[in-house]
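Trainee: I would like to go through the labels attached to this model and ask what each one rests on.
Mentor: Go ahead; we take them one by one.

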Amino acid sequence: MKGQAQEEVDKLLEKSEANSQPKILIERSVFSQKHFDESYEAVSHPSPTLKEVVHKKLSKCVCSGSCLKKFLFGMFPFINIMKDYSVKEDLPSDIVSGLTVGIMHIPQGMAYGMLTTLPPVYGLYMSFFPVLVYFFFGSSKHISMGTFAVACLMIGSAVSKGMDTVSIPHSTAGLVTVAGNQTGNQTNLTASAADDTSTMSREEVDLRLQFAMSVTFLVGVIQLLMGVLRLGFITVYLSDPLISGFTTGAACHVFTSQIKHVFGVQTARYSGVFKLVYTYRDFFSNIDTANYVTILLSIVCITILYCTSRFINQNPKLKPRMFMPVPIELIVVVLGTVISYAIKLEENHGVVVVSDIPTGLPEPNLKALRRIPDVISDAIALAIVIFAISISMGKLLAKKHDYEVDANQELVAYGLSTVVSSFFSSAAPSASLSRSLVQERVGGRTQVAGLVSCCLLLVVLLAIGPYFRTLPNCVMASTVIVALDGLFAQVFTVPDLWYNRRPDFCVLASIIIVALRGMFLQVLDLKKLWHVSLIDFFVWIVAFLATVLLDVDLGLGAAVIFNIVTVVVRSQRPYGCVLGQMPGTDLYRDMHIYQEAKEIPGIRIFRFEHSLFFVNTEHFKTLLFKKTANPRKLKIAQRKRMTEKEKLKDKKQDESIIIDRQDSTNEAAQVQLQSKSGEVKVMVVADSKPKCPQEVDFHTIILDCSPWSFVDSMGVKVLAAVICEYKSVGINVILANCKGGIRDMFEKTKFYDTVDHSNIYVSVHDAVLHALHIESPDFTDQVEDFQNGLCKEKRKASKVDFTLAEDSDEENA
């Protein structure tokens, strides 16, 4: 017994070795879709009525304790987070992370506050109030809310455009007038102090604050409405190449706004198309007024910031050994403040400094409601950009730490934090890429780290702020430019950055400039995009150029439109191909890609790689006619051939001839003509199998509908028309792989009045077998050879049962 079992095992092993690859043989009927549905009792789901839909929605609105609990936990995610919070394990990490990020908030808040064209202290407000509110409503544990270069720049752009529409009630004494733009751009002709917050009058600051808080309030309302209406999906229209190109273009604007502080050059303030072009024109026109002390101080700050960030904080060998990144921005700010105070840069060398920073927290006000009608378009663009950037960073960090971020709840959190902030003189916040990464890298566990950073900011606002009075603005500008490192890595247009100079803001400007490097480095994405996708490459280019040449808001709008156009074009002109059978299988693949794929004689299989709807119906017809045959041309050729054969009929008298023609039923037939005693008899004999029209080498077209996710009424109409056109020239059209939704549309549009149910099959292979069976009624006797061709084995194959639906059998008979 044991020996027999071993012998059977040895035989199985030998057989396995002989067949290096597994074979699959399936014995089943050839299924039409109708036959399949009847055999397996397909269930139809009628469309619900309006009453049913309303009743279903209302039935979900049940007030209960569990429902209320679920709502509260969803609205306040911090409750769930705090339930599992470990004071012993999580709190120390959050304290270290919060202090680290809080230290970064101080220089970045003051520096980015300049981008909003408001005094630097308003940037500190942005680092405090939004973070506090986000703690209660945000679902991300690691993102750092507050100032972000692109968001602050867009706020500043909205403020500048608003200021161009009002008169500034301050004295213009001592200001240098700059020639205005002659081409229609809005310009402030006394713009030497336009962005110099140290020389702004109280009235001008109030006006700027009105526009900034109005756009902030409206951004919060838009985000809140999007969250309530569950519109978090809207960011799908902002692809990664679009965001990358847009932020790189925005980095150019940020750089331009700060480079004048680095050189100490005065320029007019422009808004609208070619804003950067006119700014640089003014910059070069006034280059001789540069302050060389400011330039020297900026160069030193940028060098220190860049070298420390690049070779110490980002050094892969030093990173693991460091308790926290070197807070070089704060160190530069402190040193710049001390040096400026010691050698009196403001009095002795004309270097502009931050000036007085008020202590305490701002009082609540309603300035957010005064300029809302003037900033609607800016608010829409800003709300979408902030959400896209913030949610991208939140999901990235959430995926790394295995938790979920709810996009709609994030919208609610952003909206509430922004609305509340607008009443406390804090501009619209955004997640910071650099701070969020640092917060996660130094061990932050939850948003408790944000509360720790708020405590540090509160100390600065209540006590330490006034000590930064002598901080040169060029130091802060240098910090921002270096911080844009990641964005500018995309462009390599760094030489253009030397155009702006402003000695008075040199320390703040240096911080901004160093921050820009990362943004500019995004240009490196272009090489990758060129090889991956040409369309994504041009989306990046258009987003970048539109943002640079037009303006931040106009550039974003142009980029979104172009991105949508690319989607429409790809939907309008999808790919189409002819399929062939892979030898030895029941698989059918694109013959253009797989050279071994062979076309089945008498059959042409066509696949259209997109859903069929009104946008691409004409392209579908064009591709189908190109890959198979144009029925209109076939009809002309057949008419010509029939005319010639009619002439031959008159020449033949006492002999029989066979003429192939298409009758009114479009079925192949033999027409036998006999002449005897002047009497002509016509006999029509049905052919046993369809013949290919003489102009082509196939009699059946199979449409593989597997890529179609839906079809609209116009698509059905065009499909029916195409099938009728082919039918008129003797070519049968069969459909395969039609999804349930498509078949439902066929029912609703009465498509089956044109095409019988039996002409729709569950797979391409079923359709091929049916077409071969119709061609040769005794095909069942040849099944073995055909199956042997599929499996490449010289053995008796499984018989294929061609039992179809009763109506299908009658029709074939």
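What follows is a set of questions on labels, each answered by setting a value against its cut-off.

Trainee: What makes this a model to be read with care in places?
Mentor: The model is predicted. Its protein chain averages a pLDDT of 77, and 77% of the residues score at least 70. Over residues 186-194 the pLDDT is below 50, although this stretch has 36 contacts in the model beyond near neighbours in sequence. Residues 777-813 also stay under 50, with 68 contacts beyond four places in sequence. Where pLDDT is low, the predicted coordinates should not be read in detail.

Trainee: What does the protein chain contain overall?
Mentor: The secondary structure comes to 33 helices and 13 strands. Of the 813 residues, 51% are buried. Among contacts between residues at least 6 apart in sequence, 83% join residues at least 24 apart.

Trainee: Why is Ala 407 called buried?
Mentor: Buried means under 20% relative accessible area. Ala 407 has 15%, so the label applies. The residue belongs to helix α17, residues 407-422. Leaving out residues up to four places away in sequence, Ala 407 touches Phe 387 and Ile 391.

Trainee: Why is Arg 230 called partly exposed?
Mentor: Its relative accessibility is 48%. Partly exposed is the range between the 20% limit for buried and the 50% limit for exposed, so Arg 230 falls inside it. Its place is in the loop between α10 (202-228) and α11 (240-263). Arg 230 and Ala 407 are 177 residues apart in sequence, yet 8.6 Å apart in space, C-alpha to C-alpha.

Trainee: And why does Asp 402 count as exposed?
Mentor: Exposed means over 50%, and Asp 402 has 72% relative accessibility, so it qualifies. Asp 402 lies in the loop between α16 and α17.

Trainee: What makes the backbone of Arg 230 and of Asp 402 worth a remark?
Mentor: Most residues other than glycine have a negative phi. Arg 230 has a positive phi of about 60° and is not a glycine. Asp 402 also has a positive phi of about 60° without being a glycine.

Trainee: Why is His 619 called buried?
Mentor: At 13% relative accessibility, His 619 is under the 20% limit, so it counts as buried. The residue is in helix α27. Apart from neighbours within four places in sequence, the contacts of His 619 are Gln 572, Arg 573, Pro 574 and Phe 608. His 619 and Tyr 575 are 44 residues apart in sequence and 9.6 Å apart in space, C-alpha to C-alpha.

Trainee: What is the strand order of the open sheet, and which strands stand at its edges?
Mentor: The sheet has 6 strands in the order β6-β5-β7-β11-β12-β13, with mixed pairing. β6 (588-590) and β13 (760-761) each have a single partner strand, so one side of each is left without a neighbour in the sheet. Helix α27 (residues 617-627) packs on this sheet and touches β5 (576-581), β7 (602-608) and β11 (698-704). The direction of α27 makes about 150° with that of β7.

Trainee: Why is β12 called largely enclosed?
Mentor: 4 of the 5 residues of β12 are buried, so the rest of the structure largely encloses the strand.

Trainee: How do you know that the span of helix α29 is close to the expected one?
Mentor: Helix α29 (residues 713-727) has 15 residues and reaches 21 Å from its first C-alpha to its last, against 21 Å expected at 1.5 Å a residue. Its buried residues include Gly 715, Leu 719 and Tyr 726.

Trainee: Which residues have the most contacts inside the largest nonpolar core?
Mentor: Met 110 and Leu 382 do, in a core of 105 residues. Helix α16 (residues 376-400) gives the most to this core, with 13 residues. Another core, of 34 residues, lies apart from it; among them are Phe 606, Leu 634, Phe 698 and Trp 708.

Conventions:
Residues numbered from 1 in each chain as written. Predicted model: local features only at pLDDT ≥ 70, side-chain atom pairs only at ≥ 80, totals over all residues. Heavy atoms only, no water. Pairing = 2+ DSSP bridges. Helix = DSSP H or I, 4+ residues; strand = E, 2+ residues; numbered from the N terminus. Contact = heavy atoms within 4.5 Å. Axes fitted to C-alpha atoms, helices over the stretch in contact; angles between N-to-C directions. pLDDT = per-residue confidence, 0-100. Buried < 20%, exposed > 50% of the residue type's maximum accessible area, 1.4 Å probe, protein only. Core = buried A, V, L, I, M, F, W, Y, C linked by side-chain atoms within 4.5 Å. Expected span 1.5 Å × (residues − 1).
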